[in-house]
Amino acid sequence: DLLDIRHCVFVMGKSGNNKSQAWKTLAKVWSAGERGKTIYRDINPKSLTSNELYGFVNMTTREWKDGILSHTMRELARIPDELPKWIV
């Protein structure tokens, strides 16, 4: 199984080629099987600025402000189980 040896997988193709349906179907099959419930977060990076996506340092206060990716990674890391967690 590819996801047992890889940290990420890219699904690429033209618009309308069922890429979203493919990963949603895989998540449902995994959830129904032995792997347990698959948790996923669907993010559209094209709809966000770089700061919103990755985060940034406020130069006035020198404080880090999480972006959606870093916030999501922290959120999923806090879940104490070993079930699959995907960021799509």
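Q: How should I read the numbering and the confidence limits?
A: Residues are numbered from 1 along each chain as its sequence is written, and side-chain values use heavy atoms, with hydrogens and water left out. In this predicted model local features need pLDDT of at least 70 and side-chain atom pairs count only at pLDDT 80 or more, while totals for chains, interfaces and linings use all residues.

Q: Where does serine 70 lie, and is serine 70 buried or exposed?
A: Helices (H or I, at least four residues) and strands (E, at least two) are DSSP runs, numbered from the N terminus. Buried means under 20% relative accessible area, exposed over 50%, and partly exposed in between (1.4 Å probe, protein chains only). Serine 70 sits in helix α4, residues 68-77, and counts as buried because its relative accessible area is 17%.

Q: Which residues of α4 are buried, and what covers them?
A: Ser70, Thr72 and Leu76 are buried in α4. They lie on the same side of α4, because they cover an arc of only 160 degrees around the axis (the arc is that of the directions from the helix axis to the C-beta atoms). Their cover includes β1 (39-41), α3 (50-54), β3 (63-66) and β4. For contact, look for heavy atoms within 4.5 Å. Leaving aside neighbours within four places in sequence, serine 70 is in contact with Leu53, Tyr54 and Trp64.

Q: How many salt bridges does a search of the whole structure find?
A: Side chains of opposite charge can pair when their charged atoms come close. A salt bridge is a side-chain nitrogen of Lys or Arg within 4 Å of a carboxyl oxygen of Asp or Glu. The search finds three. One of them joins glutamate 75 and arginine 41, at 3.0 Å from N to O. That pair links distant parts of the chain, with glutamate 75 in helix α4 and arginine 41 in strand β1, 34 residues apart. Arginine 74 pairs with aspartate 66, their closest N and O atoms being 2.9 Å apart. Aspartate 81 pairs with lysine 85, and here the closest N and O atoms are 2.7 Å apart.

Q: Is arginine 74 buried, partly exposed or exposed?
A: Arginine 74 counts as partly exposed, because its relative accessibility is 42%.

Q: Where is methionine 59, and is methionine 59 buried or exposed?
A: Methionine 59 is in the loop between β2 (55-58) and β3. With a relative accessible area of 57%, methionine 59 is exposed.
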